[in-house]
Structure formats: structure tokens, C-alpha cells
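Look at the model below with its strands and helices in view.

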Amino acid sequence: MNKLLIVGTVAFDAIETPFGKTDKILGGAGTYIGLSAAFFNLQSAIVSVVGDDFPQEYIDLLTDRNIDISGLEVVQGGKTFFWSGRYHNDLNSRDTLDTQLNVLADFQPKVPQNFKNADVVMLGNLHPLVQSGVLDQLESKPKLVVLDTMNFWMDCALPELLDVIKRVDVITINDEEARQLSGEYSLVKAAAKIQAMGPEYVVIKKGEHGALLFHENNVFFAPALPLEEVFDPTGAGDTFAGGFAGFITQSENVSFENMKNAIIYGSNLASFCVEKFGTERMLSLDKEEVVSRLKQFKSLTQFDIEL
């Protein structure tokens with residue numbers, strides 16, 4: 001089986017939406033990416049850090065899905081990264097109520113020896129120096145390196161972010177972040193500017209309005225599945241990234257045509273993530289549901305037209 005190396009936070013989240021609120025629950029970019037990628041035929045490992053307050057049952061949830069946790073450092077006496085946020089009524093915008101870096105503040109990633117030759121590397125949203133530190137430890141060039149980042153790093157670590165962007169094949173960001181990074185309002189112009197920074201492929205996530213894939217002069221658009229209810233959008237972007245990277249890892253095909261399929265697989269899995277709080281829906285999801293909804297995606301986007 002091909003190997004997927006995942007880098008990202010394993011964390012606690014406290015979430016408030018118009019539909020309710022949670023106390024501390026399992027969260028983190030690395031967690032969502034790992035749970036999503038677990039639906040594909042591959043070997044995966046998470047590189048991250050938690051404190052000794054992180055419950056064994058959460059670690060078991062990862063290992064039960066055949067996720068290698070030898071790169072998950074547990075700091076004795078340390079506290080796990082914590083984020084708390086409140087979503088507005090439209091669920092597209094949110095306020096961060098609390099961020100506690102805790103053990104993440106001094107995190108030095110350690111890539112497990114048997115994943116230093118990973119086929120695909122998924123760099124989840126973390127400090128760009130941590131992302132670069134992982135790439136520095138690889139012993140062979142991956143078929144694909146995917147980077148996810150956010151506006152926070154554009155504000156406070158832009159030079160380091162630009163350095164890591166030069167080293168990746170695919171970048172996934174949302175539309176607001178693409179505009180900030182490029183200085184362009186048009187997403188077509190923004191993608192062209194970002195490609196000039198290094199990545200061959202730019203994926204721009206537009207939440208409930210789908211996702212765009214850019215490569216040279218080619219553009220592909222994938223819609224989001226219209227859902228009756230969106231309960232909690234936390235982790236949807238990371239779930240999308242996990243589905244995208246997982247499909248590419250399984251299929252061993254890094255062409256633009258195959259990335260179209262990867263975008264659909266990512267969108268499909270993300271559509272489940274938003275149906276319940278946190279990771280709850282991803283933990284109860286089975287493969288039959290995934291396939292059934294893929295068929296819905298197909299019928300949503302398929303048409304015959306005479307030209």
C-alpha cells in the first residue's frame with residue numbers, strides 16, 4: 001500500500017453554532033485529515049503533538065482506523081492545543097473565542113523512519129517552519145506534496161510561508177485567503193499569481209459553493225452537495241484535504257484529470273463532516289454511505305448537451 005504522511009494538529013475544540021454548543025471534544029487538522037484519508041486503501045501516519053491530558057480513547061480512535069501514531073508525541077505534564085469558536089448564523093463566518101497553543105508552541109516534528117519515503121505528504125495547517133521541518137526530514141522526493149494554510153500565517157509568518165510554498169506541488173486555501181495571498185480579487189488571477197510562487201496546482205475552497213482546481217491554463221470546478229442541514233462546519237476543509245490526498249495516494253496518479261476525481265472525493269467526505277458536531281459524523285460514517293453519496297455527486301454534475 002502507498003504511504004500518506006499527515007502533518008497537523010491533534011487537538012481539543014469547543015464549538016458553538018446556532019444549533020448548540022460542545023465542551024472540549026476531539027479536533028485538530030491532523031485528526032480530520034487522518035479520519036478522512038482512512039476511507040482509502042493506504043498506509044497513513046500523523047505527525048503531531050499532544051499533552052498527557054489527551055485521552056487514550058481518542059488515540060484509540062485513530063489506531064482503530066489503522067493510522068500510525070508513532071509520530072504523535074505525548075508531552076508529559078503538557079496540555080494539548082485548544083481552540084474555541086462561535087459560528088454566526090450563516091455558518092460561513094466565525095469568531096475565535098480562545099486559542100491555547102500549549103504543547104504546540106515548542107513543537108519539533110519527528111517523522112517516523114518508515115514514513116520518510118512517503119508517496120504523498122499532506123501538510124495540514126500549522127506554522128510554516130513546522131511544515132518545512134517535516135519536508136527537511138524526508139529521504140526521498142514524494143510524488144506529491146500538498147499544503148494547507150490560512151490567513152493567520154499570512155499575517156504573522158509570511159516570509160516563512162512563502163518559503164514552504166516554493167517547495168510544494170499543491171496548495172489548498174479558501175477564497176478569502178487566496179485573495180489575501182495574491183493581492184488579486186479575481187480568483188483566476190489569484191490562482192495564476194499563487195502558481196508563480198511555486199505550486200503547480202492551486203485548490204481554492206469556497207465552502208458551500210464548492211471548490212476550484214487550477215493548473216496552468218486549466219480550471220475545474222466541483223460543486224458542494226446541497227445539504228438539508230449544516231450543523232457544524234468545523235474541520236470540513238481538513239476533511240476535504242484528507243479525501244483529496246487520500247484518493248491521490250491510493251490511485252498513484254498525480255495528473256490534472258485524476259485530481260478532478262480527488263476534488264470530488266474530498267468534497268464528498270466534507271459533506272458528511274458538517275452534519276454533526278466535530279468528528280462525530282466521520283467516526284460513524286461507513287463506506288456504503290460514502291459510495292451512495294458519490295453517486296449523488298455524479299448525478300448532480302452530469303449532463304448531456306448537443307453542441
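Lys 3, Leu 5 and Val 7 point one way from E1, Leu 4 and Ile 6 point the other way, and all are buried. Buried here means under 20% relative accessible area, exposed means over 50%, and partly exposed lies in between (1.4 Å probe, protein chains only). The model is predicted: local features need pLDDT of at least 70 and side-chain atom pairs count only at pLDDT 80 or more, while totals for chains, interfaces and linings use all residues. Residues are numbered from 1 along each chain as its sequence is written, and side-chain values use heavy atoms, with hydrogens and water left out.

In a regular strand the side chains alternate between the two faces of the sheet. Strand E1 covers residues 3-7, and five of its five residues are buried, so the strand is largely enclosed by the rest of the structure. Helices (H or I, at least four residues) and strands (E, at least two) are DSSP runs, numbered from the N terminus. Two strands pair if DSSP finds at least two bridges between them. E1 runs parallel to strand E5 (residues 43-51), with five bridges joining them, and Ile 6 stands opposite Ile 46 in E5. E1 also runs parallel to strand E10 (residues 120-123), through four bridges; here Leu 4 stands opposite Val 120.

Helix H1 (residues 29-37) is mostly covered, with nine of its nine residues buried. Among them are Tyr 32, Ile 33 and Leu 35.

How many salt bridges does the structure hold? There are twelve, a salt bridge being a side-chain nitrogen of Lys or Arg within 4 Å of a carboxyl oxygen of Asp or Glu. One of them joins Glu 16 and Arg 86, at 3.5 Å from N to O. Glu 16 lies in strand E2 (residues 11-17) and Arg 86 in strand E8 (residues 82-87), so the pair ties together parts that are 70 residues apart in sequence. Glu 16 is partly exposed at 24% relative accessibility, and Arg 86 is partly exposed at 36%.

Arg 281 pairs with Glu 275 in another salt bridge, with the closest N and O atoms 2.8 Å apart. Salt bridges that share partners join Glu 275, Arg 281, Glu 289 and Arg 293 into one network. Arg 281 is buried, at 10% relative accessible area, whereas Glu 275 is partly exposed at 25%.

In the segment after helix H11 (287-301) is Leu 307, which is exposed with a relative accessible area of 99%. Phe 303, Ile 305 and Leu 307 form a nonpolar surface patch with about 470 Å² of accessible area together. Patches are made of residues with over 30% relative accessible area and no salt bridge, like charges being joined within 9 Å and nonpolar side chains (Val, Leu, Ile, Met, Phe, Trp, Tyr) within 5 Å. Accessible areas come from the Shrake-Rupley method with a 1.4 Å probe, and for residues only the protein chains shown count as cover.
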